Amino acid sequence: MNFNSSKYISPFSESLLPPNDQSPDWNNKADNAWQLTAATLVGLQTVPGLIILYGSMVKKKWAVNSAFMGLYAFSAVLVCWVLWAHQMAFGNKLLPFVGKPNFAMSQKFLLSKASTQYYLPMADFVFYQFAFAAITLVLLAGSLLGRINFFAWMLFVPMWLTFSYTIGAFTIWGNGFLEGKIIDYAGGFVIHLSSGVAGFTAAYWVGPRTSDDRKNFPPNNIIHMLGGAGFLWMGWTGFNGGAPFQVGEITSIAIFNTHLCTATSILVWISLDMIVYKKGSLIGSVQGMMTGLVCITPGAGLVDPWAAILMGALSGSIPWYTMMVLHKRVPFFQNVDDTLGVFHTHAVAGFLGGILSGVFAKPKLLRMLYGPITSYGPGLFYSYFDENMGLGIRQILYQLLGAIFITIWNVVITSLICIILSHIVDLRMKEEDLEVGDDAIHGEEAYVLWGDGESMILPLRLHKSTSTILSISHQRHSIPINKIDE
């Protein structure tokens, strides 16, 4: 997340872009404009990206609840972020793994220079990092869809942001004890490994969906699901392209590698589906898209394109195996109801990407991003050719250390949060609400198939065949058609 500014020239030509009250001499207007664009793209990944994806990928009766969880989390995280969480993640050190909680709202703070390395206002940095924090919570929610009590979710979001996300961000990106050691370009560990592990842990404590939902959970709109996935994929241009906080060569290669790895991952996932199941799956291709995006994230601006292709091939195959094969064979995975398989798409792919970044991180790109004298790297692959395998092995060990820390911290803290919340409010919805879904929880439904939501009044000519209609409706669509007696 840091870059070298020794070769960077901030002042603009006075004849072209002279400084003024709104743009001081340290403000690079190109960097500022791109950073605001990148932050907006990351925000669009969640609103509407993941909201559409979740609302379409679940059973019809859970569409409103699933989308609402994402909207609430996005809003709650922003308020918490500026009130205390940003400073815990990137502020002055309180402990080796967390900063001092404080406001990030004053004009003096937000309009100051972001740092000695970033030629843009602090407001850009705060907003971009908020978008990262928000999408982490919404990704985590994918493990809990279809049964978590909404009131419990409302409390879980600020608690997990405060006691889990900020610790990972400060430790690896801020001023924590692993900063300068772990290669995590844009959040393979901080965002994806943490959301996958925490989501799986929370799913254990919340409990499973109803048995009927676990057996029969078809997407209610696959085409809309694909639209949400499109927001997610294209939004990753800002996700990885905004991480250097400047418009430069690292930004360009990061964006290029992001899309190359993702396309490769999709093709590999589809190929495995075709080989094993004899047919391609659109839902499967979206999962392959996700694993590719996640895997490249920790090394997007630090690896060559050929390495991005290899990472895509591995991200399209290893998570496919854990999700489609291992998940069905290991009882532990069966006992924990991870609704959308977030553990596989984010924890497994994030861990894989973090390790591969430690293997393929190119020394030249590391120096470009972090400075000529850097403690990062080199990647294990390049250390072999530099005849300095010791440094490459050291970097892999650091990557493993980072993964272990994030995993253990999230398991422990997420468990504690769930245990505490269980004494305040039920973690799981009531059984009668689980049977009904959105209408019982929010008084709203995603689709109105006739009228304004009222029961359908059947014409007289259909009264005699009502039982047949009821049978077909129940078997295929679960639409409640009520017979109205004369």
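Buried denotes a relative accessible area under 20%, exposed over 50%, and partly exposed the range in between (1.4 Å probe, protein chains only). The model is predicted: local features need pLDDT of at least 70, side-chain atom pairs count only at pLDDT 80 or more, and totals for chains, interfaces and linings use all residues. Residues are numbered from 1 along each chain as its sequence is written, and side-chain values use heavy atoms, with hydrogens and water left out.

Asn 410 counts as buried, at 2% relative accessibility. Asn 410 lies in helix H17, residues 389-422; helices (H or I, at least four residues) and strands (E, at least two) are DSSP runs numbered from the N terminus. A polar atom of the Asn 410 side chain lies 2.7 Å from the backbone oxygen of Ile 406. Beyond neighbours within four places in sequence, Asn 410 is in contact (heavy atoms within 4.5 Å) with Trp 160, Ser 164, Ser 194, Val 197, Ala 198 and Ser 415.

His 86 is found in helix H2, residues 63-90. His 86 is buried, at a relative accessible area of 2%. With neighbours within four places in sequence set aside, its contacts are Trp 81, Gly 91, Ala 104, Phe 109, Phe 125, Val 126 and Gln 129.

The structure holds 0 disulfides (pairs of cysteine sulfur atoms within 2.5 Å). The sulfur of Cys 261 has its closest cysteine sulfur in Cys 295, at 5.2 Å, too far for a bond. Cys 261 is buried, at 0% relative accessible area. Cys 295 also counts as buried, at 0% relative accessibility.

Notes:
A polar contact is a pair of N or O atoms within 3.5 Å; within protein, one must be able to donate a hydrogen and the other to accept it, and residues adjacent in sequence count only if both atoms are side-chain atoms.
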